[in-house]
Amino acid sequence: MHPALFISKTGLSAQDTRLSTISNNLANASTTGFKRDSVNFEDLLYQIQRQPGGLSSQSTELPSGIQIGTGVRVVSTEKEFTGGSLQVTDQGLDLAINNRGFFQIQLPNGETGYTRNGAFQLNSDGEIVNSQGYLLEPTITVPENASNVTISADGSVSATIFGDPDPQQLGDIEIADFVNPAGLQSQGGNIFTQTAASGDAQTGTPGLDGLGEVLQGTLENSNVEVVEELVNLISTQRTYELNSRVVSTVDQMLQFISQNL
C-alpha cells in the first residue's frame with residue numbers, strides 16, 4: 001500500500017485531536033478560572049534511504065541524503081497558565097489570585113487539589129467551601145452571628161461578630177505554587193493535582209515570595225481568547241482538508257494503475 005496513505009492518516013488523527021482541544025477551549029470560554037490547552041506535535045521516525053554524509057567516492061561525501069518521513073503525532077497537550085481577565089462581583093467570598101498561585105482544596109479522598117476558581121461559599125457548618133462542597137485549606141469557619149467578612153490581600157480573614165465592635169480574625173488563606181504548573185494533572189471541576197512533573201506544592205502567604213495577592217469580590221475569567229481559537233479552528237480545518245486531499249489523490253493514482261496496467 002502507498003505509504004502516503006498512512007502518513008496522511010497520522011495527519012488526520014493529529015488534527016482531530018487538535019480540533020477536540022479547540023472545542024474544549026471554546027466550550028469553557030466562560031468557565032471561571034479555566035486555563036486553555038494547546039497541542040504540541042512532533043514528526044515520526046524517518047526512513048533513511050540514503051545517508052547524509054555518506055561517501056559518494058573515495059574522496060567525496062554526499063551533502064544531503066534521502067530521508068522520508070512517516071507522519072506526525074501528538075506529543076502533548078499543555079495547559080497555559082496565563083492570567084485571565086478579572087471580573088468584579090462584589091460578593092464577599094468571591095476570590096481571585098492576581099498573579100501566580102492556586103487555592104488549596106481538600107478532596108474527598110484526602111488529597112489536596114489546586115484551583116484558580118475562587119467562587120467560594122459557606123456550607124451548613126459555616127466552613128468556606130467551593131461549589132462542589134470541598135473545603136478550602138486551611139479550613140476557615142465563619143460563625144453564624146458574623147457579618148462583614150473581610151479578606152485582605154495577604155489572605156487574612158476577619159469578620160465582625162454580633163455584640164463585638166472589633167473585627168475578629170478567623171484564619172489565614174494560604175496559596176500554593178509549583179515550579180512547573182503545566183505538569184499538573186487536570187481532574188475536572190477546575191481542580192488540578194500535583195504530579196512528579198509539576199513538583200511539590202510550595203505554599204505561602206499571598207503577596208510574598210512571588211505569590212499573587214488575593215482579591216476579594218473578584219473572580220478570574222477564563223484565559224481563552226475566542227478570536228484566537230477561531231483562527232486555530234480555521235487552520236485545523238484547512239490542514240485536515242489537505243490531508244484528506246492526499247488520501248483522495250493516492251486513491252486516484254492507485255485506481256489509474258489498477259485500470260491501466
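**Note on the predicted model: loops, cores and a cavity**

1. At 80% relative accessibility, Asp-209 counts as exposed, because exposed here means over 50%.

2. The loop between strand S6 (95-98) and strand S7 (102-106) holds Asn-99. With a relative accessible area of 51%, Asn-99 is exposed, because the cut-off is over 50%.

3. The bond from Glu-137 to Pro-138 is cis, and its omega is near -10°. Pro-138 sits in the loop between strand S11 (136-137) and strand S12 (146-151).

4. Next, the interior. In soluble globular proteins, nonpolar side chains tend to be buried together. The largest nonpolar core in this model has 20 residues. Those that touch the most other members are Leu-95, Phe-103, Phe-120, Ile-128, Leu-136, Ile-151 and Ile-173. Two or more residues of this core come from each of S6, S7 and strand S13 (156-161). A separate, second core has six residues, among them Tyr-114, Ala-176, Phe-178 and Leu-184.

5. Which residues does Leu-136 contact, once its neighbours within four places in sequence are left aside? They are Phe-103, Gln-104, Ile-105, Phe-120, Ile-128, Val-129 and Ile-173. Leu-136 is itself one of the core residues that touch the most other members, and strand S11 (136-137) begins with it.

6. Last, empty space. Rolling a probe the size of a water molecule over the atoms shows where such space is left. The structure holds one cavity of 30 Å³ or more. The largest cavity has a volume of about 60 Å³. Its lining consists of Ile-105, Thr-115, Asn-117, Ala-119, Asn-130, Ser-131, Gln-132, Gly-189, Asn-190 and Ile-191.

7. What is the make-up of that lining, in nonpolar, polar and charged residues? Three of the lining residues are nonpolar, seven are polar and none is charged. Ile-105 is among the residues lining the largest cavity, and Ile-105 is also in contact with Leu-136.

How values were computed
Residues are numbered from 1 along each chain as its sequence is written. This is a predicted model: local features need pLDDT of at least 70, side-chain atom pairs count only at pLDDT 80 or more; totals for chains, interfaces and linings use all residues. Side-chain values use heavy atoms; hydrogens and water are left out. On a 1 Å grid over the protein atoms alone, a cavity is a set of points where a 1.4 Å probe fits but cannot get out, and a pocket is an open set with protein on both sides within 12 Å along at least five of seven lines; lining residues have an atom within 4 Å of a point. Grid points are joined across faces, edges and corners, and a volume is the space filled by probe spheres set on the points. Ala, Val, Leu, Ile, Met, Phe, Trp, Tyr, Cys and Pro count as nonpolar, Asp, Glu, Lys and Arg as charged, and the others, Gly among them, as polar. Helices (H or I, at least four residues) and strands (E, at least two) are DSSP runs, numbered from the N terminus. Buried means under 20% relative accessible area, exposed over 50%, partly exposed in between (1.4 Å probe, protein chains only). A nonpolar core is a set of buried Ala, Val, Leu, Ile, Met, Phe, Trp, Tyr and Cys residues joined through side-chain atoms within 4.5 Å. Contact means heavy atoms within 4.5 Å.
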